[in-house]
Amino acid sequence: MGEYKLADAEAKFADIIWENEPISSPELVKLCEREMNWKKSTTYTVLKKLCEKGIFKNENALVTARLGREEFYGMQSRRYVEDVFDGSLPRFLTAFCGGRKLSRLEVEEMKKFIDENT
């Protein structure tokens, strides 16, 4: 798999695919023309790029995801924690919370998650 960062337009394009897959490439062109004001060539260029990154595939004019939305953003999030916080989830959570108190529900959900994943 390639790089997992997407530009804003690529992310919007990816959302269109995830929301409509499986989708024929001609139908994808029509959607992108309507929703993003893209030309056919732009749609195919960006599709090819995201297929090369391993996020989507286009076989026999049918576009499908190799990675689902949650899987993709989960991988992107894990890479961010690795790169910025040396892989330390506690350091990330400390920075993310920014000194605010967690709600009782948030604490319960985190405890449940920890219990289920240890």
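Visitor: What percentage of the 118 residues of the protein chain count as buried?
Guide: The model is predicted, with local features requiring pLDDT of at least 70 and side-chain atom pairs pLDDT 80 or more, while totals for chains, interfaces and linings use all residues. Residues are numbered from 1 along each chain as its sequence is written, and side-chain values use heavy atoms, without hydrogens and water. Buried means under 20% relative accessible area, exposed over 50%, and partly exposed in between, using a 1.4 Å probe and protein chains only. Of the 118 residues, the share that counts as buried is 29%.

Visitor: Is Gln76 buried or partly exposed?
Guide: Gln76 is found in helix α4, residues 69-85; helices are DSSP runs of H or I with at least four residues, strands are E runs of at least two, and both are numbered from the N terminus. Because its relative accessibility is 23%, Gln76 counts as partly exposed.

Visitor: In what order do the elements of the protein chain run from the N terminus on?
Guide: The secondary structure comes to six helices and three strands. From the N terminus on, their order is α-β-α-α-β-β-α-α-α.

Visitor: What radius of gyration does the protein chain have?
Guide: The C-alpha trace spans about 50 × 25 × 25 Å along its principal axes. The radius of gyration is taken over C-alpha atoms, and the globule rule is 2.2 Å times the number of residues to the power 0.38. A compact globule of 118 residues would have a value near 13 Å, but the protein chain has 18 Å.
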